[in-house]
Amino acid sequence: MDAQIERVREILRGTTSIAVLTGAGVSAESGIATFRDPDGLWAKFSPRELASMDGFLANPERVREWYAYRKNVATTAQPNAGHIALAALEQQTTGSFSLITQNVDRLHQRAGSRNVLEVHGNLIENRCNDCETIRTDDVLICPDCSGAMRPNVVWFGEELPQDVFAAAEQAAMTCDVMIVAGTSAEVYPAAGLPYTTKRYGGIVVEVNPNRTELSSEAHYVLTGTSAHILPHLVGDVQ
Ligand code: BV8
(Lines give C-alpha, C1' and ligand atoms only; values in the text may rest on other atoms or scores of the structure.)
Protein backbone atom coordinates (compact mmCIF):
# COMPACT_ATOMS: atom_id res chain seq x y z
CA MET A 1 0.00 0.00 0.00
CA ASP A 2 2.97 2.31 0.52
CA ALA A 3 3.54 2.32 -3.26
CA GLN A 4 -0.09 3.43 -3.68
CA ILE A 5 0.38 6.25 -1.16
CA GLU A 6 3.58 7.34 -2.93
CA ARG A 7 1.76 7.35 -6.28
CA VAL A 8 -1.09 9.44 -4.88
CA ARG A 9 1.40 11.87 -3.31
CA GLU A 10 3.02 12.30 -6.73
CA ILE A 11 -0.37 12.91 -8.35
CA LEU A 12 -1.27 15.49 -5.68
CA ARG A 13 2.09 17.25 -6.13
CA GLY A 14 1.42 17.56 -9.86
CA THR A 15 -2.10 18.91 -9.66
CA THR A 16 -3.53 22.41 -9.28
CA SER A 17 -7.15 21.47 -8.61
CA ILE A 18 -8.13 19.24 -5.70
CA ALA A 19 -11.51 18.39 -4.20
CA VAL A 20 -12.02 16.44 -1.00
CA LEU A 21 -15.26 14.77 0.15
CA THR A 22 -15.37 13.80 3.82
CA GLY A 23 -17.83 11.86 5.96
CA ALA A 24 -18.21 10.90 9.60
CA GLY A 25 -15.20 8.57 9.50
CA VAL A 26 -12.84 11.56 9.36
CA SER A 27 -14.14 12.65 12.79
CA ALA A 28 -14.09 9.15 14.28
CA GLU A 29 -10.56 9.62 15.62
CA SER A 30 -11.73 12.77 17.37
CA GLY A 31 -14.12 10.58 19.37
CA ILE A 32 -17.25 11.43 17.36
CA ALA A 33 -19.41 8.40 16.51
CA THR A 34 -20.05 7.61 12.86
CA PHE A 35 -23.52 6.67 11.66
CA ARG A 36 -23.27 3.23 10.09
CA ASP A 37 -20.35 1.57 11.83
CA PRO A 38 -21.34 -1.26 14.20
CA ASP A 39 -21.04 1.14 17.16
CA GLY A 40 -22.46 4.05 15.15
CA LEU A 41 -25.37 6.36 15.84
CA TRP A 42 -27.84 4.46 13.70
CA ALA A 43 -27.14 1.34 15.77
CA LYS A 44 -28.54 3.17 18.79
CA PHE A 45 -30.94 5.74 17.35
CA SER A 46 -33.40 5.72 14.45
CA PRO A 47 -32.53 8.12 11.60
CA ARG A 48 -36.22 8.36 10.80
CA GLU A 49 -37.03 9.59 14.31
CA LEU A 50 -34.01 11.84 14.80
CA ALA A 51 -32.80 13.07 11.39
CA SER A 52 -36.05 13.83 9.59
CA MET A 53 -38.69 16.55 9.67
CA ASP A 54 -41.36 13.97 10.57
CA GLY A 55 -39.32 12.92 13.56
CA PHE A 56 -38.85 16.54 14.61
CA LEU A 57 -42.53 17.38 14.30
CA ALA A 58 -43.47 14.20 16.16
CA ASN A 59 -41.12 14.91 19.04
CA PRO A 60 -39.21 18.21 18.77
CA GLU A 61 -37.89 17.93 22.32
CA ARG A 62 -36.26 14.53 21.67
CA VAL A 63 -34.63 15.72 18.43
CA ARG A 64 -33.41 18.95 20.04
CA GLU A 65 -31.95 16.95 22.96
CA TRP A 66 -30.16 14.58 20.58
CA TYR A 67 -28.61 17.43 18.62
CA ALA A 68 -27.71 19.30 21.84
CA TYR A 69 -25.88 16.14 22.97
CA ARG A 70 -24.06 15.85 19.62
CA LYS A 71 -23.24 19.58 19.67
CA ASN A 72 -21.63 19.14 23.09
CA VAL A 73 -19.61 16.17 21.82
CA ALA A 74 -18.51 18.13 18.73
CA THR A 75 -17.54 21.31 20.59
CA THR A 76 -15.50 19.40 23.19
CA ALA A 77 -13.81 17.21 20.53
CA GLN A 78 -10.49 18.22 18.99
CA PRO A 79 -9.56 18.09 15.30
CA ASN A 80 -7.39 15.04 14.60
CA ALA A 81 -4.37 14.50 12.35
CA GLY A 82 -6.67 13.85 9.39
CA HIS A 83 -8.40 17.23 9.72
CA ILE A 84 -5.04 18.94 10.18
CA ALA A 85 -3.58 17.20 7.13
CA LEU A 86 -6.44 18.41 4.93
CA ALA A 87 -5.93 21.98 6.13
CA ALA A 88 -2.22 21.64 5.26
CA LEU A 89 -3.08 20.23 1.84
CA GLU A 90 -5.25 23.27 1.15
CA GLN A 91 -2.35 25.53 2.16
CA GLN A 92 0.03 23.66 -0.16
CA THR A 93 -2.31 23.64 -3.16
CA THR A 94 -1.40 26.43 -5.58
CA GLY A 95 -4.63 26.16 -7.58
CA SER A 96 -8.20 25.50 -6.45
CA PHE A 97 -9.05 23.46 -3.37
CA SER A 98 -12.57 22.57 -2.17
CA LEU A 99 -13.32 20.63 0.99
CA ILE A 100 -16.82 19.21 0.62
CA THR A 101 -18.01 17.79 3.91
CA GLN A 102 -21.08 15.84 4.97
CA ASN A 103 -20.00 16.39 8.56
CA VAL A 104 -21.80 18.90 10.74
CA ASP A 105 -19.24 19.13 13.56
CA ARG A 106 -17.13 22.05 12.14
CA LEU A 107 -13.87 20.27 13.01
CA HIS A 108 -12.49 21.01 9.52
CA GLN A 109 -12.84 24.75 10.15
CA ARG A 110 -11.31 24.41 13.62
CA ALA A 111 -8.34 22.60 12.02
CA GLY A 112 -7.79 25.60 9.73
CA SER A 113 -9.55 24.53 6.52
CA ARG A 114 -10.94 27.60 4.76
CA ASN A 115 -12.94 26.62 1.65
CA VAL A 116 -15.34 24.22 3.39
CA LEU A 117 -18.62 23.32 1.68
CA GLU A 118 -21.02 21.98 4.34
CA VAL A 119 -23.50 20.13 2.14
CA HIS A 120 -25.46 18.81 5.15
CA GLY A 121 -25.32 21.96 7.27
CA ASN A 122 -23.88 22.20 10.77
CA LEU A 123 -25.10 21.45 14.27
CA ILE A 124 -23.55 24.55 15.85
CA GLU A 125 -26.33 26.80 14.49
CA ASN A 126 -30.13 26.61 14.69
CA ARG A 127 -32.44 27.68 11.87
CA CYS A 128 -36.05 28.87 11.93
CA ASN A 129 -38.19 26.28 10.18
CA ASP A 130 -40.30 29.07 8.66
CA CYS A 131 -38.25 32.20 7.98
CA GLU A 132 -34.86 30.45 7.94
CA THR A 133 -33.30 32.92 10.42
CA ILE A 134 -29.99 31.48 11.68
CA ARG A 135 -29.15 31.74 15.41
CA THR A 136 -26.39 30.27 17.58
CA ASP A 137 -28.33 30.50 20.83
CA ASP A 138 -30.85 27.88 21.90
CA VAL A 139 -34.16 29.74 21.74
CA LEU A 140 -36.93 27.31 20.73
CA ILE A 141 -39.19 29.86 19.03
CA CYS A 142 -37.97 32.27 16.37
CA PRO A 143 -38.05 35.83 17.77
CA ASP A 144 -38.62 37.14 14.24
CA CYS A 145 -41.62 35.08 13.14
CA SER A 146 -42.48 32.71 16.03
CA GLY A 147 -41.59 29.69 13.89
CA ALA A 148 -39.96 26.59 15.43
CA MET A 149 -36.16 26.72 15.68
CA ARG A 150 -34.43 23.46 14.57
CA PRO A 151 -30.81 22.36 14.07
CA ASN A 152 -29.30 23.92 10.90
CA VAL A 153 -28.63 20.50 9.38
CA VAL A 154 -30.10 18.78 6.31
CA TRP A 155 -32.42 15.94 7.30
CA PHE A 156 -33.47 12.97 5.16
CA GLY A 157 -35.98 14.10 2.58
CA GLU A 158 -34.76 17.73 2.79
CA GLU A 159 -33.05 19.56 -0.04
CA LEU A 160 -29.37 20.37 0.34
CA PRO A 161 -28.44 24.09 0.39
CA GLN A 162 -28.57 24.80 -3.33
CA ASP A 163 -25.70 27.28 -3.55
CA VAL A 164 -23.41 25.06 -1.47
CA PHE A 165 -24.22 21.90 -3.41
CA ALA A 166 -23.86 23.74 -6.73
CA ALA A 167 -20.33 24.75 -5.66
CA ALA A 168 -19.64 21.14 -4.63
CA GLU A 169 -20.81 19.85 -8.02
CA GLN A 170 -18.66 22.44 -9.79
CA ALA A 171 -15.64 21.33 -7.76
CA ALA A 172 -16.40 17.66 -8.54
CA MET A 173 -16.59 18.41 -12.27
CA THR A 174 -13.45 20.54 -12.50
CA CYS A 175 -11.00 18.94 -10.08
CA ASP A 176 -8.07 16.81 -11.26
CA VAL A 177 -8.28 14.68 -8.11
CA MET A 178 -10.97 14.01 -5.51
CA ILE A 179 -9.95 12.45 -2.20
CA VAL A 180 -12.97 10.69 -0.64
CA ALA A 181 -12.28 10.09 3.04
CA GLY A 182 -14.37 8.54 5.81
CA THR A 183 -17.68 8.06 4.08
CA SER A 184 -19.81 5.01 3.39
CA ALA A 185 -20.81 6.77 0.14
CA GLU A 186 -24.46 5.76 0.67
CA VAL A 187 -26.30 9.07 1.11
CA TYR A 188 -27.24 10.99 -2.02
CA PRO A 189 -26.87 13.40 -3.67
CA ALA A 190 -23.48 13.90 -1.87
CA ALA A 191 -22.45 10.30 -2.56
CA GLY A 192 -22.80 10.97 -6.28
CA LEU A 193 -20.00 13.57 -6.33
CA PRO A 194 -17.06 11.14 -6.79
CA TYR A 195 -18.87 9.58 -9.76
CA THR A 196 -19.17 13.07 -11.26
CA THR A 197 -15.42 13.57 -10.85
CA LYS A 198 -14.74 10.25 -12.56
CA ARG A 199 -17.18 11.05 -15.38
CA TYR A 200 -15.35 14.34 -15.99
CA GLY A 201 -11.96 12.62 -16.17
CA GLY A 202 -10.74 13.27 -12.61
CA ILE A 203 -8.95 10.76 -10.42
CA VAL A 204 -10.83 9.39 -7.38
CA VAL A 205 -8.83 8.36 -4.30
CA GLU A 206 -10.68 6.62 -1.46
CA VAL A 207 -9.35 6.66 2.12
CA ASN A 208 -11.26 4.24 4.37
CA PRO A 209 -10.42 1.28 6.64
CA ASN A 210 -13.31 -0.60 5.03
CA ARG A 211 -14.58 -1.18 1.52
CA THR A 212 -17.58 0.87 0.46
CA GLU A 213 -19.98 1.19 -2.48
CA LEU A 214 -17.40 3.49 -4.06
CA SER A 215 -14.34 1.24 -3.68
CA SER A 216 -14.82 -0.62 -6.96
CA GLU A 217 -15.10 2.71 -8.82
CA ALA A 218 -12.15 4.53 -7.22
CA HIS A 219 -8.81 4.71 -9.08
CA TYR A 220 -6.92 4.33 -5.80
CA VAL A 221 -8.19 2.71 -2.58
CA LEU A 222 -5.97 3.52 0.41
CA THR A 223 -7.05 1.17 3.18
CA GLY A 224 -6.65 2.68 6.61
CA THR A 225 -7.91 5.41 8.90
CA SER A 226 -7.90 9.03 7.77
CA ALA A 227 -5.80 10.20 10.73
CA HIS A 228 -3.10 7.73 9.65
CA ILE A 229 -3.30 7.97 5.85
CA LEU A 230 -4.03 11.65 5.14
CA PRO A 231 -0.83 13.02 6.78
CA HIS A 232 1.15 10.71 4.47
CA LEU A 233 -0.50 12.31 1.44
CA VAL A 234 0.31 15.91 2.20
CA GLY A 235 3.90 16.11 3.07
CA ASP A 236 6.86 14.80 4.96
CA VAL A 237 5.55 12.79 7.86
CA GLN A 238 7.85 13.11 10.87
C1 BV8 B 1 -32.69 14.55 -0.56
C2 BV8 B 1 -28.01 14.97 8.88
C3 BV8 B 1 -34.43 15.30 -1.97
C4 BV8 B 1 -27.04 15.78 9.63
C5 BV8 B 1 -27.75 13.31 7.20
C6 BV8 B 1 -36.84 9.07 0.21
C7 BV8 B 1 -37.24 10.39 0.37
C8 BV8 B 1 -36.37 11.45 0.17
C9 BV8 B 1 -35.05 11.19 -0.14
C10 BV8 B 1 -34.65 9.88 -0.23
C11 BV8 B 1 -35.52 8.82 -0.09
N12 BV8 B 1 -34.83 7.66 -0.29
C13 BV8 B 1 -33.52 7.96 -0.53
C14 BV8 B 1 -33.43 9.29 -0.51
C15 BV8 B 1 -32.26 10.06 -0.68
C16 BV8 B 1 -31.63 10.19 0.71
C17 BV8 B 1 -30.62 9.08 0.80
O18 BV8 B 1 -29.62 9.14 0.12
N19 BV8 B 1 -30.89 8.07 1.63
C20 BV8 B 1 -29.96 6.96 1.72
C21 BV8 B 1 -29.95 6.42 3.16
C22 BV8 B 1 -30.41 5.89 0.72
N23 BV8 B 1 -31.03 11.51 0.75
C24 BV8 B 1 -31.71 12.52 1.29
O25 BV8 B 1 -32.77 12.42 1.88
C26 BV8 B 1 -31.08 13.89 1.08
N27 BV8 B 1 -32.07 14.79 0.60
O28 BV8 B 1 -32.46 13.63 -1.28
O29 BV8 B 1 -33.66 15.49 -0.79
C30 BV8 B 1 -35.09 16.59 -2.23
C31 BV8 B 1 -34.73 17.32 -3.38
C32 BV8 B 1 -35.39 18.49 -3.64
C33 BV8 B 1 -36.35 18.99 -2.75
C34 BV8 B 1 -36.66 18.28 -1.57
C35 BV8 B 1 -36.03 17.07 -1.31
C36 BV8 B 1 -30.59 14.42 2.41
C37 BV8 B 1 -29.42 13.60 2.88
C38 BV8 B 1 -28.83 14.22 4.16
C39 BV8 B 1 -29.30 13.42 5.34
N40 BV8 B 1 -28.67 13.94 6.54
N41 BV8 B 1 -27.33 13.79 8.34
C42 BV8 B 1 -26.65 15.02 10.85
O43 BV8 B 1 -27.52 14.81 11.72
O44 BV8 B 1 -25.47 14.67 10.93
S45 BV8 B 1 -27.11 11.88 6.58
C46 BV8 B 1 -25.77 11.31 7.46
O47 BV8 B 1 -25.29 10.16 6.76
C48 BV8 B 1 -24.60 12.24 7.44
O49 BV8 B 1 -24.92 13.58 7.27
C50 BV8 B 1 -23.75 11.80 6.32
O51 BV8 B 1 -23.80 12.73 5.31
C52 BV8 B 1 -24.44 10.63 5.76
C53 BV8 B 1 -23.45 9.60 5.32
O54 BV8 B 1 -22.80 9.11 6.45
P55 BV8 B 1 -21.19 9.06 6.45
O56 BV8 B 1 -20.68 10.42 6.73
O57 BV8 B 1 -20.70 8.38 5.24
O58 BV8 B 1 -20.97 8.17 7.74
P59 BV8 B 1 -21.22 6.59 7.84
O60 BV8 B 1 -21.32 6.27 9.30
O61 BV8 B 1 -22.29 6.16 6.91
O62 BV8 B 1 -19.86 5.98 7.28
C63 BV8 B 1 -18.66 6.21 7.98
C64 BV8 B 1 -17.54 5.71 7.08
O65 BV8 B 1 -16.31 6.04 7.71
C66 BV8 B 1 -17.56 4.21 6.89
O67 BV8 B 1 -17.30 3.92 5.53
C68 BV8 B 1 -16.40 3.72 7.77
O69 BV8 B 1 -15.76 2.59 7.19
C70 BV8 B 1 -15.47 4.91 7.71
N71 BV8 B 1 -14.58 5.07 8.87
C72 BV8 B 1 -14.79 4.66 10.15
N73 BV8 B 1 -13.71 5.05 10.91
C74 BV8 B 1 -12.86 5.71 10.08
C75 BV8 B 1 -13.41 5.73 8.78
N76 BV8 B 1 -12.81 6.31 7.73
C77 BV8 B 1 -11.62 6.89 7.96
N78 BV8 B 1 -11.02 6.94 9.17
C79 BV8 B 1 -11.61 6.35 10.24
N80 BV8 B 1 -11.00 6.37 11.45
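## The antiparallel sheet

Strand β4 (residues 121-128) and strand β6 run antiparallel and are joined by 4 bridges; strands here are DSSP E runs of at least two residues and helices are H or I runs of at least four, numbered from the N terminus. Within this pair, G121 stands opposite V153 of β6. The model is predicted: local features require pLDDT of at least 70 and side-chain atom pairs pLDDT 80 or more, while totals for chains, interfaces and linings use all residues. Residues are numbered from 1 along each chain as its sequence is written, and side-chain values use heavy atoms, with hydrogens and water left out.

The open sheet comprises 3 strands in the order β5-β4-β6, with antiparallel pairing (two strands pair if DSSP finds at least two bridges between them). Because β5 (134-135) and β6 (149-153) each have a single partner strand, one side of each is left without a neighbour in the sheet. Helix α6 (residues 60-76) lies across β4 and β6 and runs at about 140° to β4; contact means heavy atoms within 4.5 Å, and angles, from 0 to 180 degrees, are taken between N-to-C directions of axes fitted to C-alpha atoms, for helices over the stretch in contact.

## The parallel sheet

Another open sheet has 6 strands, ordered β3-β2-β1-β7-β8-β9, with parallel pairing. Its edge strands, β3 (116-118) and β9 (220-223), pair on one side only. Strands β1 (residues 17-22) and β2 (residues 96-101) are linked by 6 bridges, and I18 has F97 as its bridge partner in β2.

Helix α7 (residues 81-92) lies across β1, β2 and β7 (177-181), at about 155° to β2. Helix α11 (residues 226-234) also packs on the sheet, where it touches β7, β8 (203-208) and β9.

## Nonpolar cores

The largest nonpolar core has 24 residues, of which I179, V207, L222, L230 and L233 touch the most other members. Such a core is a set of buried Ala, Val, Leu, Ile, Met, Phe, Trp, Tyr and Cys residues joined through side-chain atoms within 4.5 Å. Buried denotes under 20% relative accessible area, exposed over 50%, and partly exposed in between (1.4 Å probe, protein chains only). A second, separate core of 21 residues includes A171, A185, L214 and V221.

## Helix α9

In helix α9 (residues 162-174), the buried residues are F165, A168, A171 and A172. They line one face of the helix, because they fall within an arc of 115° seen down its axis, the arc being that of directions from the axis to the C-beta atoms. These buried residues pack against β1, β2, β3, β7 and α10 (193-199). On the other side of α9, Q162 and D163 are exposed.
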